[in-house]
Amino acid sequence: IDASTIASDDPMAVIDPVWWRGNIYDGPEAYEGSLGSFTKAQRFVWAILWYDAEVNNGGHDQFYGNSTGIVWRDALSGFEAIGAPEAAAILRESADRLGGSPSLDREEREQKLEELAPDFSDLDDRYYALEKTVDVHAKMMAYIRSRPGDFMFSGSVEKPAPTDPTLH
């Protein structure tokens, strides 16, 4: 990741190394271990992108019910860091509905979702409405550009080979 990548308007391109190394699937220890070589700023942007993708695909239920729920703390810190307090407030309220500090363990989160059966529909709607007035991607890029040293990456990252020969 170099200056030209950072000058782009694509936060996914900027955090590509994190995307391929970050482990959301094997619990908190693997998560932390996989992210140890990355900056907090990289983690924040990566987590926001996961949160945004999951909430836009299936709401907060999907976000917390899937492995991606492990990123909630980094996403919350990320929204605060990039200057998106409204998004942070939505995420914080969703966490409150799961007891205030949702587990980083997926099974424990799933149990809490089942036990509490929180209704996130109003928060989903608030996030969708917020996206119409706040450009989170633009805020991420402004944050990235304000601290380029935190996002530079030199080295190689092993990407899995596609299993479908039609994928390139």
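The following paragraphs walk through this predicted model, from the whole chain down to single residues. Because the model is predicted, local features are described only where pLDDT is at least 70 and side-chain atom pairs count only at pLDDT 80 or more, while totals for chains, interfaces and linings use all residues. Residues are numbered from 1 along each chain as its sequence is written, and side-chain values use heavy atoms, with hydrogens and water left out.

The chain has ten helices and zero strands, where helices (H or I, at least four residues) and strands (E, at least two) are DSSP runs numbered from the N terminus. The radius of gyration of the chain is 16 Å, close to the 15 Å that the globule rule gives for 168 residues, so the chain is as compact as a globular protein of that length; this radius is taken over C-alpha atoms, and the rule is 2.2 Å times the number of residues to the power 0.38. Along its principal axes, the C-alpha trace spans about 45 × 35 × 35 Å. Of the 168 residues, 44% are buried, a word that here means under 20% relative accessible area, with exposed meaning over 50% and partly exposed in between (1.4 Å probe, protein chains only). If we take contacts (heavy atoms within 4.5 Å) between residues at least 6 apart in sequence, 71% of them join residues at least 24 apart.

Helix α10 covers residues 136-146, and its buried residues are Val136, Met140, Met141, Tyr143 and Ile144. Seen down the axis of α10, these buried residues fall within an arc of 160°, so they line one face of the helix; the arc is that of the directions from the helix axis to the C-beta atoms. What covers them includes α1 (3-7), α2 (11-14), α5 (40-65) and α6 (72-82).

Where does arginine 109 sit? Arginine 109 belongs to helix α8 (residues 106-116). Arginine 109 is buried yet has no salt bridge, and the nearest side chain of opposite charge, that of aspartate 105, is 6.7 Å away. A salt bridge would need a side-chain nitrogen of Lys or Arg within 4 Å of a carboxyl oxygen of Asp or Glu; Lys and Arg count as positive and Asp and Glu as negative, while His and the chain ends are not counted. The side chain of arginine 109 does reach the backbone oxygen of leucine 104, at 3.2 Å.

Some loop residues are buried too, and threonine 68, in the loop between α5 and α6, has a relative accessible area of 3%. Leaving out residues up to four places away in sequence, threonine 68 touches Ile24, Trp50, Glu54, Gln62 and Phe63, and a polar atom of its side chain lies 3.2 Å from the backbone oxygen of phenylalanine 63. Asparagine 23, in the loop between α3 (16-21) and α4 (27-35), counts as buried at 18% relative accessibility. By contrast, alanine 117, in the loop between α8 and α9 (121-133), is exposed, with a relative accessible area of 57%. Phi of alanine 117 is near 45°, a positive value in a residue other than glycine.

Methods
A polar contact is a pair of N or O atoms within 3.5 Å; within protein, one must be able to donate a hydrogen and the other to accept it, and residues adjacent in sequence count only if both atoms are side-chain atoms.
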